[in-house]
Amino acid sequence: MTTPLLSRFQPMLGFWRGPNELETGRRGLMEMHFQSHFEGEVVQLDAHTWDIATGETFSAGTGLFALGPDGRIIENLYVERFGFCRLDETEDEPDVLALRGDLPDGFTMSVSLRLEADELLLTSQLKSGVVGMDLPRTVARLRRYDRQRGEGAK
């Protein structure tokens with residue numbers, strides 16, 4: 001059975017891997033895994049990003065997507081660097097999932113996901129509301145990845 005939430009996430013289910021770059025030029029490798037739970041009523045996202053040069057993890061988080069009473073997506077998210085937050089779907093193009101929410105310490109996070117053919121494009125930005133304190137935007141271009149074989153993302 002396909003739920004309204006699962007119909008939006010069905011093409012994204014599975015593992016994705018690819019390059020991640022910050023505006024500062026720092027380059028990483030990102031891996032994301034989407035999986036459905038509770039007969040399609042919840043989609044879980046696990047994401048990790050490693051610095052290519054050092055192998056150091058510079059971002060890791062888990063999110064749970066569900067539909068709110070208004071039919072828009074809500075993500076309850078935990079990011080190890082920032083803690084817990086809630087992101088709410090915002091208006092955007094029909095083929096883009098755009099989310100925004102407040103983090104602890106006055107930061108705001110914006111995330112967008114767009115599936116284009118066999119590529120998943122993720123962008124994220126943290127803003128502080130204080131001039132000069134915004135963190136760099138990140139962009140990741142991910143491809144399907146078979147973890148068993150180690151194939152897919154180049």
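Let's start at Asp118, which is partly exposed at 47% relative accessibility. In this predicted model, Asp118 has a charged partner: Arg143 forms a salt bridge with it, and the closest N and O atoms are 2.8 Å apart. Arg143 belongs to strand S10 (residues 135-144), while Asp118 sits in the loop between S8 and strand S9 (119-127), so the bridge ties together parts of the chain 25 residues apart in sequence. Arg143 is also partly exposed, with a relative accessibility of 33%.

From here, let's turn to Arg114. Its side chain meets that of Asp95 in a salt bridge, with an N to O distance of 2.9 Å. This pair again links distant parts of the chain: Arg114 lies in strand S8 (residues 108-116), and Asp95 in the loop between strand S6 (83-90) and strand S7 (96-102), 19 residues apart. Arg114 is partly exposed at 23% relative accessible area, and Asp95 counts as partly exposed at 39%.

Our last stop is the pair Arg17 and Glu31, whose side chains meet in a salt bridge at 3.0 Å, N to O. Arg17 is in strand S1 (residues 14-22) and Glu31 in strand S2 (residues 27-37), so this pair connects distant parts of the chain, 14 residues apart. Is Glu31 buried or exposed? With a relative accessibility of 8%, Glu31 counts as buried, because the cut-off for buried is under 20%.

Stepping back, the structure holds 9 salt bridges, the ones visited here among them.

Methods:
Residues are numbered from 1 along each chain as its sequence is written. This is a predicted model: local features need pLDDT of at least 70, side-chain atom pairs count only at pLDDT 80 or more; totals for chains, interfaces and linings use all residues. Side-chain values use heavy atoms; hydrogens and water are left out. A salt bridge is a side-chain nitrogen of Lys or Arg within 4 Å of a carboxyl oxygen of Asp or Glu. Helices (H or I, at least four residues) and strands (E, at least two) are DSSP runs, numbered from the N terminus. Buried means under 20% relative accessible area, exposed over 50%, partly exposed in between (1.4 Å probe, protein chains only).
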